[in-house]
Structures are given as structure tokens and as C-alpha cells.
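Here is my note on the model. Please read it with the structure open, point by point.

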Amino acid sequence: MRRGLLCLPLLAALACGDDLVGETEVATPGTTEPTTGTSTAGPTGPTTTQTPPETSEGSMSGAETTTTGAPTSTSEPPTSTTGDPPKADMGSSGGDFLRCHDAPPDGATLAPDIPAYGGTCPTLEIGYMEGQAYNVLPQQLGGGTVERQFLVIAPEDAGPDERLPVIFLWHWLGGDAQDFYERGDVQNAVNQKRFIAVIPEAREGLLFKWPFSAIDSDADLEAEFQFFDDMLSCVAEQFSVNKECVSSTGVSAGALFTSQLAGGRGDVLSSFMSLSGGTGGAIKPWTAPAHKMPAMVLWGGPDDFCILIDFEQTSKDLEQNLEAGGHFVLECVHNCNHSTPPFPVEPGETAFAPLWDFFLDHPYWLAPGESPYNEFGIPAGMPDWCAIGAGNAVPPPEPCDKNECS
């Protein structure tokens, strides 16, 4: 008989081996003291004062580079490491509905201003190449200072006035920030779709890399929320950020944390996506956020099970809480168990293109429970195993015995 959710005694003794896209590593248990962040800035409430964003289009360059400061525009022709040239996608729906790169409608409730960082932001290193140092922000943990690391991936030809959406990518238990960067083909994705990706690196001392389990302290959870605040503030200091489109997604352990972030920083987030994550049981429960946001809840079917976690059960718990709270839910259920979602993509698109599209289709100003998909239908680029509402997705009928939990 298949085990359900992990039990607390085992949680205290074992690190879950969930790894959606690579080999797992054994996590080393650690202890943490009550935690505070270095920044005193905090989110403010939503505002209805509207300033329509400027937009700018630019050409794309596929050559991976590392720069400091906002990249400058280039006229180089597009290239892609995926083998096909990427298609430019500025985030406009072509007139069907407003997306992240469009101006908000009159009278819309807009996201709060992004607060200034409480210290001195470093000059961010943009992009990634092998051996490159990560960006670092200090954080006070247990009476000492910990250097928190993260990557910032922006379009290589971004103009200084181009207002860019931002998405945070939280990696899985056996992975790291570089793994998410590589598996998600993130540089090509941001070049093509015109957004900034922030990829945090998990810190030492947490049993499951990110604080989401019932045995993780509230202080650890608040420390991670503060890390999110600080990264966003420093990115907004260096770039022209579109505050109406700040989103979060995670994979497996990172998805379990993303649901916690959605509750803790829901007043800032425009949407979130959970890829084999969820809430409930021995995972911390759902916390109702200040802002009702659209969510993609995705998992690998009834056998999305890894070591001690039944990800179908946790995903359904998350869905039930979202729908009870009046949030829009796009349910996506593939049949490849605990593994990389088999997103169908067009030639020239990156592997996670539907994920980026969901993010860009759902700005902050949407009314509670609203999605353009309700009126216009799910876009053709989304998998046919996605459907609006909990319990409506139909997994593909063909067998798929893939499983990346090890």
C-alpha cells in the first residue's frame, strides 16, 4: 500500500529525496536560531494610483554574457542554445486580453510600490556562466551573518527603460540555482519572453533546503520571506521592474516553499506556480494571502510520490484552499509521476514556455478569481492536460513510466 504524507517522526530523521529534474542529494539536518533579516523595508498595501508602464522592444542576442548593471541594447541577430532561433514574445496578447507588458486598465488596483532595501545593494552580476560568482546579500541568522546567494538573469539586450516582469525560481531538494538555470533554459527564456528571473540558492542548515515543513520554525520561514524582499528590492534598484508582474514558481521542495511564499507575500505577488508542491499534513498549512492571485497547480498524477510525500495529495490540498479563498486555479496533471513536466512547446520555444506564459498572462490587477482564460479559453500553447478548476484536468492517456525520484 502506497504511503501517504510523511509523518513527523520520519520528518525529523530523514530529508525528503524529492527531485523533479535530477539526482537527489542527501540533505544534512541542521538547527537554526531565531532569525531576522538585514533589511527593515517591508511591503505596503495595494494602490489604485495608476502610471501606465512604458514598453520597449529590442532585438535578442543568444550569446551568454555576464555584465554588471542593466544590459544595453544590441542589434545582433537572435540565436538560441536550443537549436532553433527563439521567437520574440513581448508579452502582448495580440489584442485578446491585457498581459504583463500592457498598460493596466483605468481604475485597476495596482501592486504596492517595491520598498527600498534597508542597506546598500551590491551591483548585481547579470546572467550566468560556469565559474561565475553569485550575487550575495547578508542576512542575520542566529546572531551571525550568512551570505545569501542568488542569480539574476535578464534579457541580454534589455534597455535601461524597459519595464520587466520578475519571477523567482526556487530549486528542488537535490538541485541548486545553476541546475534550475540550465534545465529551464532560463537565459533564452528571458531573452524571448522579456522578463527577469531571480534564482535563489538554498542556505545551509535547513533540513529540506527551504522552510516548508511542520518542523521548520516560523523564524526560518520569516527569514526566507525577508530574503525574497531583499532580492526584489535590489533588483528593482538596478532595473526598471514591472511591479504589476512579480511572480514565483518552484519545483518539488521549491514548490512546497512557493506556496508558503504566496501566503506570506501575497500582497506583492501577481501569481504563483506550484510544480509538484502543495500544502497540508506534515507540510505547513496554506495561509490566506492579502491578494487573491491566479495559481497554476501542476503534478504528475496519482503516482507523483517521492520517498515520503504524496504530491497529488498535497497539490489537491493546495487547490482546495485556493478555490475556497476565491483564487483562480489552472490545474495541470501530467502522467509522468515525479519528473520534469513534459510541456509541449513549439519549435524555437524553451522547455518551460507554458510556465512563463501563465506568469505573463496574469498581472496583479486582475480581480479576485479572474483570469483571461475564463473568457478567452486556455491558450493553444498550454498542455491539453491542463484545465480550469480543481478536479477538471485529464492526464494524457498514453503510458509514461518516467520517474526522477531517486
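**Notes on disulfides, salt bridges and a buried helix**

1. Cys100 and Cys245 form a disulfide, with 1.9 Å between their sulfur atoms. The criterion for a disulfide is a pair of cysteine sulfur atoms within 2.5 Å. This link spans distant parts of the chain, 145 residues apart: Cys100 lies in the loop between strand E1 (67-68) and strand E2 (125-126), and Cys245 lies in strand E7 (residues 241-251). Strands here are DSSP runs of E of at least two residues, helices are runs of H or I of at least four, and both are numbered from the N terminus. The Cys100 and Cys245 link is left-handed, at -100 degrees about the S-S bond. Cys100 and Cys245 are both buried. Buried means under 20% relative accessible area, exposed means over 50%, and partly exposed falls in between (1.4 Å probe, protein chains only).

2. A word on the basis. The model is predicted: local features need pLDDT of at least 70, side-chain atom pairs count only at pLDDT 80 or more, and totals for chains, interfaces and linings use all residues. Residues are numbered from 1 along each chain as its sequence is written, and side-chain values use heavy atoms, with hydrogens and water left out.

3. How many disulfides does the rule give? The count is 5. With the bonded cysteines numbered in sequence order, the pairing reads 1-4, 2-3, 5-10, 6-8, 7-9.

4. Cys332 and Cys386 are joined by a disulfide, S to S 2.0 Å. The link of Cys332 and Cys386 is right-handed, with 115 degrees about the S-S bond. Cys332 counts as buried because its relative accessibility is 0%. Cys386 has a relative accessible area of 8%, so Cys386 is buried.

5. Another disulfide joins Cys336 to Cys400, S to S 2.1 Å. Cys336 sits in the loop between E12 and H7, Cys400 in the segment after E13; the pair links distant parts of the chain, 64 residues apart. This Cys336 and Cys400 link is right-handed, with 110 degrees about the S-S bond. Is each end buried or partly exposed? Cys336 is buried, at 6% relative accessible area. Cys400, at 24% relative accessibility, counts as partly exposed.

6. Now helix H7 (residues 353-361). Why is H7 described as largely enclosed by the rest of the structure? Because 9 of the 9 residues of H7 are buried. Among them are Trp356, Phe358 and Phe359, along with Asp357 and Asp361.

7. Asp357 deserves a careful look. This residue is buried, with a relative accessible area of 16%. Asp357 forms a salt bridge with Lys193, the closest N and O atoms being 2.8 Å apart. That pair links distant parts of the chain: Asp357 in helix H7 and Lys193 in helix H3, 164 residues apart. A salt bridge is a side-chain nitrogen of Lys or Arg within 4 Å of a carboxyl oxygen of Asp or Glu. Lys193 counts as buried, because its relative accessibility is 1%.

8. Asp357 has a further partner. The side chains of Arg99 and Asp357 meet in a salt bridge (3.7 Å, N to O). Arg99 is in the loop between E1 and E2, Asp357 in helix H7, and the two are 258 residues apart. Arg99 counts as buried at 5% relative accessibility.

9. Glu349 also pairs with Lys193 in a salt bridge, with the closest N and O atoms 3.5 Å apart. Glu349 lies in the loop between E12 and H7, Lys193 in helix H3, 156 residues apart. Both Glu349 and Lys193 are buried. Which residues make up the network of salt bridges? Arg99, Lys193, Glu349, Asp357 and Asp361 are linked in it. The whole structure holds 13 salt bridges.

10. Finally, Arg194. Arg194 is found in the loop between helix H3 (186-193) and strand E6 (196-200). Arg194 is buried, with a relative accessible area of 1%. Its side chain makes a polar contact of 3.1 Å with the side chain of Glu162. The Arg194 side chain also reaches the backbone oxygen of Asn191, at 3.0 Å. A polar contact is a pair of N or O atoms within 3.5 Å; within protein, one must be able to donate a hydrogen and the other to accept it, and residues adjacent in sequence count only if both atoms are side-chain atoms.
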